[in-house]
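Colleague: Could you take me through one part of this model closely, namely the site where the ligand is held, with the cut-offs stated as you go?

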Amino acid sequence: MIEAFLFDLDGVLTDTSEFHFLGWKHLAEDLGLPFSREDNEALRGVSRRESLALLLKGKAVSDEEAQQYMDRKNGYYLELVRQMTPANLLPGAREILEELASMGLKRAIVSSSKNTHLVLERLQIGGLVDGVVDGNAPARSKPFPDLFILGAALFALPASQCLVVEDATAGVEAAHAAGMKAVGLGPFERVGMADLVLPSLEGHSAKEILAALGEYAPG
Ligand code: B16
Ligand code: MG
């Protein structure tokens with residue numbers, strides 16, 4: 001039975017995925033490169049470095065330029081993050097974290113973002129989670145399983161007792177590569193390979209999710 005939920009952050013508990021899009025869009029405009037919302041879908045859940053490579057679409061840049069571009073995008077992103085408040089939690093996020101706590105299940109944030117701690121501070125949900133694995137960990141980013149394996153290790157649990165909640169194709173792939181079931185939030189085209197697909201967490205309890213996955217035995 002599931003003993004821990006491993007939550008992705010951007011796009012699952014809060015809509016910073018929109019801020020990432022705006023940051024990359026701003027950089028693309030600076031560089032005179034086209035960048036649409038559709039292009040942005042491929043960047044969901046992947047690291048800053050890989051996101052830049054996707055945005056550049058094969059355009060060659062030196063390591064120094066790449067670092068400058070990533071720093072510039074992160075600056076644009078942080079301007080938006082600094083304006084965040086607990087109101088930026090997505091509907092259903094606080095409710096499921098509180099429900100899991102009352103059920104005695106563990107909750108971790110497992111994000112590719114190096115800005116995870118800052119975002120958690122703005123959302124003021126640090127007290128609702130038992131652990132955090134972020135993009136600063138010495139690990140390969142999603143879709144490799146590394147971050148989720150570190151998430152399970154926080155609680156010394158086997159992969160089979162951890163359930164991942166993700167909004168990105170790369171994130172669902174990472175969960176499966178780690179041997180974990182995944183709930184995919186968003187359109188079927190993006191997260192259709194997940195074990196359960198929901199539009200968002202809004203209106204969905206942990207018990208309902210576990211029951212739908214055959215992982216809940218009341219009492
Ligand atoms: P940063 P998640 C991911 O977070 C985002 O989805 C992705 O768009 C971003 O490029 C990545 O974090 C790295 O973020 O630039 O802040 O280190 O979805 O894994 O919570
Ligand atoms: Mg995400």
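Modeller: What follows is a description of the ligand site and the domains beside it. The model is predicted, so I keep to its conventions: local features need pLDDT of at least 70, side-chain atom pairs count only at pLDDT 80 or more, and totals for chains, interfaces and linings use all residues. Residues are numbered from 1 along each chain as its sequence is written, and side-chain values use heavy atoms, with hydrogens and water left out.

The domain assignment, which is automatic or from a database, divides the protein chain into domain 1 (4-15 + 88-212) and domain 2 (17-81). Their contact (heavy atoms within 4.5 Å) takes 16 residues from domain 1 and 15 residues from domain 2. Because both domains give residues to the shell around ligand 1, the ligand lies between them.

That shell (residues with a heavy atom within 4 Å) has 15 residues, the closest being Arg48, Ser111, Ser113, Lys114 and Asn115. Among the polar contacts (pairs of N or O atoms within 3.5 Å), an oxygen atom of ligand 1 is 2.7 Å from a polar backbone atom of lysine 114, while polar side-chain atoms lie 3.0 Å from a ligand oxygen in the case of lysine 142 and 3.4 Å in the case of serine 51. Of the 460 Å² of accessible area (Shrake-Rupley method, 1.4 Å probe) that ligand 1 has on its own, the protein covers 98%.

Conventions
Chains lettered and ligands numbered in written order. Polar contact = N/O pair within 3.5 Å; in protein donor to acceptor, adjacent residues only side chain to side chain.
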